[in-house]
Amino acid sequence: MATTLTSKGQVTIPKPIRDRLGIGPGSAVEFEIAEDGRVVLRRADRTAPARSRFERLRGRATAGLSTDQIMALTRGED
């Protein structure tokens, strides 16, 4: 994803990256230069990266069934 630097030194952070980091207007971000010269952008108010959409869904099944009941359903047992 390429973006253009303005005359004021500003860039627009692409939406997929803003979504991944969970940042929006007014969010604080940090820039770090890695040893290999890459620039790392991270949200300043938390240390862990934003969880993926799959990680956010993990543990959400609340059907109230036991593991044995769920396994019986998946096996087609009565």
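Here is a quick chat about the model shown above.

Q: What's the mean pLDDT of the protein?
A: This is a predicted model, and its mean pLDDT is 85, with 87% of residues at 70 or more.

Q: And where is confidence lowest and highest?
A: Helix H2 (residues 53-57) is lowest, at a mean of 76, while E1 is highest, at 93.

Q: OK, the strands. In which sense do E1 and E2 pair?
A: Antiparallel: E1 (residues 29-33) and E2 (residues 39-43) share five bridges. Ile-33 sits opposite Val-39 in E2.

Q: Which residue in the hairpin takes a positive phi?
A: Gly-37, near 95 degrees; the hairpin has five residues between the strands.

Q: What makes the nonpolar surface patch?
A: Phe-31, Ile-33 and Val-39, for about 370 Å². Phe-31 belongs to strand E1, and it counts as exposed because its relative accessibility is 60%, over the 50% cut-off.

Q: Switching to charges, how many salt bridges are there?
A: Three. Glu-32 and Arg-42 meet at 2.6 Å, N to O. That pair links distant parts of the chain, with Glu-32 in E1 and Arg-42 in E2, ten residues apart.

Q: Are those two exposed, partly exposed or buried?
A: Partly exposed: Glu-32 has a relative accessible area of 38% and Arg-42 has 31%.

Q: And what about Asp-19, which side chain does it meet?
A: Lys-15, at 3.0 Å, N to O. Both lie in helix H1 (residues 15-21), four residues apart, about one turn of the helix.

Q: Which pair is left?
A: Arg-38 and Asp-36, at 2.7 Å, N to O, and both are exposed.

Technical notes: Residues numbered from 1 in each chain as written. Predicted model: local features only at pLDDT ≥ 70, side-chain atom pairs only at ≥ 80, totals over all residues. Heavy atoms only, no water. Pairing = 2+ DSSP bridges. Helix = DSSP H or I, 4+ residues; strand = E, 2+ residues; numbered from the N terminus. Patch = residues over 30% accessible without salt bridge, like charges linked within 9 Å, V, L, I, M, F, W, Y side chains within 5 Å. Areas by Shrake-Rupley, 256 points an atom, 1.4 Å probe, with all protein chains shown as cover. Salt bridge = Lys/Arg side-chain N within 4 Å of Asp/Glu carboxyl O. Buried < 20%, exposed > 50% of the residue type's maximum accessible area, 1.4 Å probe, protein only. pLDDT = per-residue confidence, 0-100.
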